[in-house]
Amino acid sequence: MEDVLLIAGKQIKSRFFLGTGKFSSYALMKKAIESSSAHIVTVALRRVNQGAGNENILDFIPGDSILMPNTSGARNADEAIRLARLARAAGCGDWVKLEIINDQKFLLPDNAETIRATEVLAKEGFIVMPYCNPDLMDARRLKDAGAASVMPLGSPIGTNQGLRTKELLFILIEEIDLPIVVDAGLGRPSQAAEAMEMGCDAVLVNTAVATADDPELMARAFALAVEAGRSAWRARPAQIGKYAKASSPLTGFLR
Amino acid sequence: MIARVNGQDVELAEGLNIEAFLLQGKINLSTVVVEHNAKILKPQEWQGVILQPNDILEIISFVCGG
C-alpha cells in the first residue's frame with residue numbers, strides 16, 4: 001500500500017521538513033536540502049538592509065521545494081497576519097508556518113494568539129501550519145479554525161532535548177484528524193525516528209542539522225531516521241515485555 | 001523631507017517614487033516586498049507612488065529561518 005502524506009490536498013514527497021536558519025552559508029544550506037530530499041523548506045522574512053549584500057536565499061533552494069515562510073518575530077496574531085500577507089505578496093505561494101512567540105526565554109508559542117491568526121489566514125486561503133504547544137483542546141480549536149496541520153513542539157526551539165512532550169503528542173496523534181508534525185527540539189536522528197515510530201506524520205528540524213559539524217551528512221541522517229521510524233510505525237511494533245522470551249526453540253537438542 | 005524606512009528616519013529628495021528609491025538603495029527589485037503606509041504594494045505599483053513626508057515604508061525580503 002502506498003504511504004502518502006497529504007497536506008491541504010497536496011502530496012508531500014518527504015516527511016522530513018527542513019528549516020534554513022543558522023547555516024554558515026547558503027551553499028551549505030543548499031547541500032543539506034539536497035542530501036535530505038526535504039520537500040517542505042522554511043524561510044523567514046526580515047527588513048532589507050540598504051546596500052547590504054543582495055544574495056537571494058531563494059536562489060539556493062531547489063525549484064521543486066514547497067517554500068513555507070514562517071512568521072517568526074511576530075509577538076501576536078496581528079503581527080503574524082501581517083507577516084503572512086507580506087510573504088504571500090512576495091509570490092511564493094500560500095503556505096505559512098504560523099509562529100507567534102512572546103516569551104523570549106523558552107520561546108514557547110502563544111496558542112491563543114495562534115488560534116486567532118489561524119482563523120483569519122485560513123479564511124484568506126492560506127495553508128496554515130501552526131507551531132503550538134501540544135494541548136488537545138487547543139489543537140481542536142486550531143483544526144476548527146482551518147489549520148492544515150498541527151505542529152507541536154517536542155521541546156523548546158534549539159535545545160536538542162528531543163521528545164519531552166511525548167505523552168501529550170500521543171494524545172494529539174490519537175485525537176486530532178490532521179497531520180501532526182513535530183516542530184522544534186529534535187536534536188538527534190534517533191529522536192526523529194522516535195517521533196515517527198509513535199505515529200507522528202512528519203518532523204521539522206533546523207538547529208540540529210544546521211549546527212552539526214557536517215550539516216549535509218546530518219540532514220541525510222535525519223531523513224533516513226524519519227523514513228525508518230515511519231516504516232516501523234507502519235509495521236506495528238510488537239509489545240514491550242518484562243520477562244525474556246527465547247528467540248530460538250528451547251527444545252529438541254540436549255533435552 | 002523625512003520618511004520612515006524600515007523603522008529609521010531617512011532624508012529623501014522630493015518627488016521620489018518607490019521604485020527609484022529602491023534602485024537608489026541598490027536593492028534587488030526582484031527579491032523584495034514593499035509595504036507603504038501599512039498597505040502592501042504590487043511591484044507594478046512602485047513607480048506610481050511618490051513618497052511623501054512621514055510616509056512609512058517597510059522593505060522586506062526572505063532570509064534564512066526555521
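Me: Does A:Ser65 count as buried or exposed, and how should I read that word?

Reply: Buried means under 20% relative accessible area, exposed over 50% and partly exposed in between, with a 1.4 Å probe and protein chains only; A:Ser65 counts as buried because its relative accessibility is 16%. This is a predicted model, in which local features need pLDDT of at least 70 and side-chain atom pairs count only at pLDDT 80 or more, while totals for chains, interfaces and linings use all residues. Residues are numbered from 1 along each chain as its sequence is written, chains are lettered from A and ligands numbered from 1 in the order in which they are written, and side-chain values use heavy atoms, without hydrogens and water.

Me: Where does A:Ser65 lie, and which residues is A:Ser65 in contact with, leaving aside its neighbours within four places in sequence?

Reply: In chain A, the loop between β4 and β5 (66–69) holds A:Ser65, strands being DSSP runs of E, at least two residues, and helices runs of H or I, at least four, numbered from the N terminus. Leaving aside neighbours within four places in sequence, A:Ser65 is in contact (heavy atoms within 4.5 Å) with A:His39 and A:Val41.

Me: Which residues have the most contacts inside the largest nonpolar core?

Reply: A nonpolar core is a set of buried Ala, Val, Leu, Ile, Met, Phe, Trp, Tyr and Cys residues joined through side-chain atoms within 4.5 Å; the largest has 52 residues, and A:Phe16, A:Val203 and A:Val209 have the most contacts inside it. Helix α2 (residues 77–89) of chain A gives the largest share of this core, seven residues. Apart from this core lies another, of 18 residues, including B:Ala3 and B:Phe21.
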